[in-house]
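These are my notebook entries on one protein chain. I record below what I looked up and what I found.

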Amino acid sequence: ATLKAFEPFVIRNAVYPPPETGEDVRDKFSIPREGFLLGYLGRADENKGPALLFDALRDNDHWLLLAGKDMPKPPPELEASVEDRIRVWPFEVPNPGDFYRALDVFVLPSKDEGFPLCVSEAFLCGCRVVSTRVSDLEEVFGERAMAFFDHGDVQGLRDAILRAPDPSFGQQVIREKLSVERMLDGYEAALA
């Protein structure tokens, strides 16, 4: 017998794009449409380390959007030319799909992770992705779908942002490897 014969109950997680309302996030935060916007959505804690992104804005003209509960404000010692290009929404993100779609590059700066669902959400919303080398993201998505950097490495982060691939590669990986049917087949193979 196979798992499918038992008609398993499936909890669909990060299979479909998050809901959207069509909110124009760039206008809401006064970010120019032509501005190169990187960002992070989610919770802010010591493991996530979103403050690293402040340093990534030095010596370029990128913009940064940090959104999520208790997101840190820029440090007071940050030069004004950098601070002017940072937007912080320290609350729950009401429409994550709209926020992802506003970004040019989603950055996951975590020290440790399980399998982060935010990466799939970003891809499904058409956003390029860069991440630290956490979980099995390199094995699942690889350098063809996303760019990687080492935790705490600001220059590595800057380089990864510039080489982040088109999100279509990540979307292809999701279709081929992360569908419910594919995961059930994988569980069956592991249990056989």
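Is Asp-24 buried, partly exposed or exposed? I found that Asp-24 is partly exposed, because its relative accessible area is 30%; buried means under 20%, exposed over 50% and partly exposed in between, with a 1.4 Å probe and protein chains only.

**Basis of the entries.** I note that this is a predicted model, in which local features need pLDDT of at least 70 and side-chain atom pairs count only at pLDDT 80 or more, while totals for chains, interfaces and linings use all residues. Residues are numbered from 1 along each chain as its sequence is written, and side-chain values use heavy atoms, with hydrogens and water left out.

**Salt bridges.** I looked up the salt bridges (a side-chain nitrogen of Lys or Arg within 4 Å of a carboxyl oxygen of Asp or Glu), and the structure holds nine. Side chains of opposite charge can pair when their charged atoms come close. Asp-24 pairs with Arg-33 at 2.7 Å, N to O, and Asp-27 pairs with Arg-33 at 2.8 Å, N to O. Arg-33 is exposed, with a relative accessible area of 55%, whereas Asp-27 is partly exposed at 45%.

I then turned to Glu-79 and Arg-58, whose side chains form a salt bridge of 2.6 Å, N to O. Glu-79 lies in the loop between β2 and α3 (80-83) and Arg-58 in the loop between α2 (52-55) and β2, so the pair ties together parts that are 21 residues apart in sequence.

**Helices and strands.** I list 10 helices and six strands in the protein chain; these are DSSP runs (helices H or I, at least four residues; strands E, at least two), numbered from the N terminus.

**Helix α5.** In helix α5 (residues 117-124), the buried residues are Cys-118, Val-119, Ser-120, Ala-122 and Phe-123. What does Val-119 touch, leaving aside its neighbours within four places in sequence? Val-119 is in contact with Leu-108, Val-129, Leu-137, Phe-141 and Met-146, where contact means heavy atoms within 4.5 Å. Just after α5, Gly-126 takes a positive phi of about 80°.
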